[in-house]
Structures are given as C-alpha cells and as structure tokens.
Amino acid sequence: FDGAAHIIFDDIFIESLNSGSGRVISFTGENESITLQNCRIKSPGSSTTSSNSAVIYDFSGVTNFSSNITIKNNSIEGGSYGIYFYGNNTTDFQDGLTIEDNDISGFYYMGIYTYANSNVKVANNTIEDGGSYTSPNGIRLNYSDSSEIAANSIVLNGTSSPIGLYVYFCDGSSSKPVKIYNNIVHLASQSATGSPTGIYGYQGENNQIYYNTSVLQSGGTASESLYLNYLATHSADIRNNSLVNYGTGYATYVANTAGIDTMDYNNLFSAGTNIAYWSGARTTLAALRAISSKAVNSINADPNYTSTSNLRTYSVDLDGKATPIANVSTDYDGDTRNTTTPDIGADEYTPPAIDISVKSIFTNDLSPCGEPSQSLRAIIGNDGTQAQHTIPVVLRISGAITQTLNATYTDT
C-alpha cells in the first residue's frame, strides 16, 4: 500500500516465496482506512530478528504515516515478525491501529510490534512463535499511548529470555488509560534456564493490568511471571492477576516501586524460594505486605491448571478472590464476570462441588527392606466447594507382592 485509502482486502491468500526478505504486505507513504480481513498471509520461515522479514511491515518516518488500519481474522504465518508497525518518533504518533481475532504463528522474533502509535487495540489474537529463537516476544508495544491489549492467547517456547507481553513507555490518561486485561500468557518451555518474563510493564502513566493469567513452566532465579518498573512520575494499577512461576524465580519482580499505585487481589505463586521482589527478595506474602503495604488481599496458591497446555483452573483458592473492576465486565471467553466476587485470572469459572484427589502417598516406616509389614499413608485433598465427611480410600500395591488396602477417611 502506497498512499492508499478506503480499501478492504477480504479472503485472499497472499504468500512471499523470497526467503531473503519475506515481507508480504508493506505500508509506505500516507495510508488511511485500510482493512485486511479473512486472509491467509504467509512468509517463509525466518532465522533473523531483522524487520526485513516481517510478514506485515509498516515503513517509519514522517512521510510514511498509516492511520485507521485494521488487521482482523487473518492467518499470519512465519517471518521474523508477524506484524511490525512503526510511526515517526516518540512525539509523533500514528493513530488507530486495530489487530484483532488473528492467528499469528511460526514467527521467529516477535508476534506483534508497534512503536510510536496511539489508540492501538490488540484483542482476541492467538499468538505462538515457531520455537527456533531462544528469546522471542509475543506482543510488544513501545510508545503506544492509550492502547488496549485484551483477551489474547500468547504461547512462547523460548528457553532463554522470552517475554510474553511487553509494554514500554506507553502512556494513558484518566479517561483513556492503557489497559492490559484478560490475557493468557504461557511461557511453555519445560527447560528454560534463563530469565523468561510473562508480562513486562515499564514506565508508563495510567497503566491498568487486570485479570491476566501469566504462567512460566520453567526458568532460572531471575525469571518472573510479572516484571514492573514504574517511577514516581508514572502510575500502575495491578489487580486480579494470576501470576505463576513453576521455575525457580519470582511470581512478581518490582524493580522500581514508586509508581505502583495499587497492587492487590492477585495470586502470587512460585515454586522457587522467593515469591516476590520489592526492595529485596521476599519469601512470603507476609514479608511482601510488610515492606510494601500492598497485597493485603492477595493469595499464594498453586492453581493446579488443567494441564501444561491448558491454563484453565477450577481451584477454589482463586474462585471469588478478585475484586470487581467496573470497566472489565467479561472474561477471556466473553463470559460475564461476577459483579461482586469475580475470579482471579483471565477465566471466570465455577469450581465443582465435589473434587477429591490423592495428593501423595508416602511412608514414615524406615524398616529394612524385607520386613513383613510397613505402614503407608495417603494425603487426600478436597478441591471442591462441598465439605466431604466419609471418603473411601483404595490403595493397590503391585509388583512382587500384590495387595489391595481399603480404608475410610471420616474426618472433614
């Protein structure tokens, strides 16, 4: 597109066969009111971080302004970037970019990147990298003011320093804040040893981070599900997020604390030693509350997600533990949130009444092998909403000796 206006591309397959520079669609000159919808837009696989191989590319500079561009319901495949949109500079912005309902997959470096744009809307996209680069980004907005990032699914497979969702110097106002809500961010590698970051918030005004689910399956001690760096001249409101790190790092790392106006009703869980960093490492919620005077209503619970590829939970721990947010009335799926006791994280749900499971089986009997009898114990958990009083327990032993043990747990 070069100086184009009022054009709709609908239901078209567009492919680049140039492996050196895989751009498929470019915007140059002054463009306005262009829509790409229901298309398949494909670039060859890339092994470079250069924007020369972006599938959809917007030229930068004062003579190359594109406004009111809509990219929706497309399959965007391959490239170094899925979508790359660049305005002029940090004081001269393009306006009105909408990216929604797309499947963006197989990219090498970044799924979506914007710079010097205002009123960007990134919503309901499914984003997953190609798994070749160690430090990909899912969504990254730099100097993109009054923008909205909502209900996206982001899966990254990098093993070093991937970042799921990154907002950098994005400013909002009281009437039009930067809103980041209902996103599911999954850093899926089981063998990440670097410093993966789920959501990264950096020095913006009126940033609202609500109802997100951010999960790291692994990571080193410098990894974090949520990283925050806001100075006194900035402002951030962090509520109702489920921030989980199954690696050895933090649930949240707050590098600069002065601009954190509100931080509460979140679930902070780490499999490592430290749950949070706030003016130092904090091993417990109590320690975080004492140093920050925040997180008073936050919790520390493993959500026990359905699987490593399905970040839905039915945990009673997160159910009803959020606080209502007036301008977020639905969840990731579009379901209505409870108006008085919503759930923490991207998904609103109802836990089952009965959900009993065996958490572990162990023995405290250290008798030598070959003894005629040993004691076994089972820990039973009730993850449902209904109290259970009489629970039959059956333990089957197999191997050289087979036996079935029966018992009834009668406590509550």
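Q: Is Ser-47 buried or exposed in this model?
A: This is a predicted model, in which local features need pLDDT of at least 70, side-chain atom pairs count only at pLDDT 80 or more, and totals for chains, interfaces and linings use all residues. Residues are numbered from 1 along each chain as its sequence is written, and side-chain values use heavy atoms, leaving out hydrogens and water. Buried means under 20% relative accessible area, exposed over 50%, and partly exposed in between (1.4 Å probe, protein chains only). With a relative accessible area of 64%, Ser-47 is exposed.

Q: Which residues of helix 1 are buried?
A: Helix 1 runs over residues 285-292. Take the arc of the directions from the helix axis to the C-beta atoms. The buried residues of helix 1 are Leu-285, Leu-288 and Ser-292. They cover an arc of only 60° around the axis, so they sit on the same side of helix 1, and the names to note are Leu-285, Leu-288 and Ser-292.

Q: Which strands are included in what covers the buried residues of helix 1?
A: On the face turned away from the buried side, helix 1 carries exposed Ala-286 and Ala-290. The cover over the buried residues includes strand 30 (267-270), strand 31 (276-278) and strand 32 (281-282).

Q: Which residues does Ala-271 touch, not counting residues up to four places away in sequence?
A: Ala-271 lies in the loop between strand 30 and strand 31. Contact means heavy atoms within 4.5 Å. With that cut-off, Ala-271 touches Asn-245, Tyr-246 and Gly-247.

Q: How many disulfides does the count come to?
A: A disulfide is a pair of cysteine sulfur atoms within 2.5 Å. Cys-39 is buried at 4% relative accessibility, and Cys-170 is buried at 1%. By the sulfur rule, the number of disulfides is zero.

Q: What is the volume of the largest cavity?
A: On a 1 Å grid over the protein atoms alone, a cavity is a set of points where a 1.4 Å probe fits but cannot get out, and lining residues have an atom within 4 Å of a point. Grid points are joined across faces, edges and corners, and a volume is the space filled by probe spheres set on the points. The search of the whole structure turns up two cavities of 30 Å³ or more. The largest cavity holds about 70 Å³.

Q: How many polar residues are in the lining of the second largest cavity?
A: Ala, Val, Leu, Ile, Met, Phe, Trp, Tyr, Cys and Pro count as nonpolar, Asp, Glu, Lys and Arg as charged, and the others, Gly among them, as polar. The second largest cavity is about 40 Å³, with a lining that includes Asn-18, Pro-44 and Ser-53. That lining has one nonpolar residue and no charged ones, and its polar count is seven.

Q: What is the phi of Ala-116?
A: Ala-116 lies in strand 13 (residues 110-118). This residue is buried, with a relative accessible area of 0%. Although Ala-116 is not a glycine, its phi is positive, at about 55°.

Notes
Helices (H or I, at least four residues) and strands (E, at least two) are DSSP runs, numbered from the N terminus. On a 1 Å grid over the protein atoms alone, a cavity is a set of points where a 1.4 Å probe fits but cannot get out, and a pocket is an open set with protein on both sides within 12 Å along at least five of seven lines; lining residues have an atom within 4 Å of a point.
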